[in-house]
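Subject: Structure handover

Hi,

Here is the structure for your files. Please open it alongside this note.

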Amino acid sequence: MSIISMLSKDIGWSWPLFLFKSYVKKQFLFKKTSWANKRDDETIFVKRLTLASILYLELKKKFGEEKAFEIIREIIIPVGCNEQWKHLNSLNLKDKTPMEKLMMFNDLMDKKGAPRFNKREYIEKSKDTCHFIIKRCIFHDFFTEVGTPELTKIFCEVDKEFFPKAFPEFKFHRKVHGRIL
């Protein structure tokens, strides 16, 4: 579901004004971050995340935390999955084993996707296992800095939604502080 259809469904006819006000406030929120005076690729990337934070904060005022989280979740997960599908579909994966496909995708994402801003340590890479630890997560860093750390979980859920469909030969699980998500 698109941002417009979600906001229209939940806010009604005034969604354009709500979106416009949020977009204006987005600039002020971003200016408070440590990225505000930078111009590198990471800054360009995180600047896009500011809209999710400000929409969430504004929706929270209007509907409360639980409803705001669900609205943002319904917006972000399809957008994030579409972005990952776009990257996956750009690869030539003919005649590749499932693990080769997965590793080619991970390599591409490390160069062009959000993971290029993360720090990942591989624990094991084999013909049937890919195990790594995220040492730095750009989503966590940014959302924590702007006061919406709970939004980090939604970006983990994008992977939870995408990977089983894109790579059905594998089981995927993610642990955060020892808990499987």
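Predicted model: local features only at pLDDT ≥ 70, side-chain atom pairs only at ≥ 80, totals over all residues.

Residues are numbered from 1 along each chain as its sequence is written, and side-chain values use heavy atoms, with hydrogens and water left out.

Aromatic pairs first. Rings of Phe, Tyr and Trp (its six-membered ring) pair if their centres lie within 6.5 Å; planes under 30 degrees apart count as stacked, over 60 as edge-to-face, the rest as tilted. The count is 17 aromatic pairs. Phe105 and Phe162 make a tilted one, with 5.3 Å between centres and 35° between planes. This pair links distant parts of the chain, 57 residues apart: Phe105 is in helix α5 (residues 98-112) and Phe162 in helix α7 (residues 152-166). Helices (H or I, at least four residues) and strands (E, at least two) are DSSP runs, numbered from the N terminus. Both Phe105 and Phe162 are buried. Buried means under 20% relative accessible area, exposed over 50%, partly exposed in between (1.4 Å probe, protein chains only).

Tyr122 and Phe132 pair edge-to-face, at 5.6 Å centre to centre and 65° between the planes. They sit ten residues apart, Tyr122 in strand β1 (residues 119-125) and Phe132 in strand β2 (residues 130-136). Tyr122 has a relative accessible area of 26%, so it is partly exposed. Phe132 is partly exposed because its value is 29%. The charged end of Arg120 sits over the Phe132 ring, 4.4 Å from its centre. That rule needs NZ of Lys or CZ of Arg within 6 Å of the ring centre and within 35 degrees of the ring normal.

One aromatic cluster takes in Trp35, Phe45, Phe117, Phe139, Phe142, Phe143 and Phe155.

Next, Asp10. It lies in helix α1 (residues 3-11). Its relative accessible area is 16%, so Asp10 is buried. A 3.0 Å polar contact joins the side chains of Asp10 and Lys67; such a contact is a pair of N or O atoms within 3.5 Å; within protein, one must be able to donate a hydrogen and the other to accept it, and residues adjacent in sequence count only if both atoms are side-chain atoms. The charged end of Lys67 also sits over the ring of Phe63, 5.9 Å from its centre. Beyond four places in sequence, Asp10 touches Phe63, Lys67 and Ile71 (contact: heavy atoms within 4.5 Å).

Best regards
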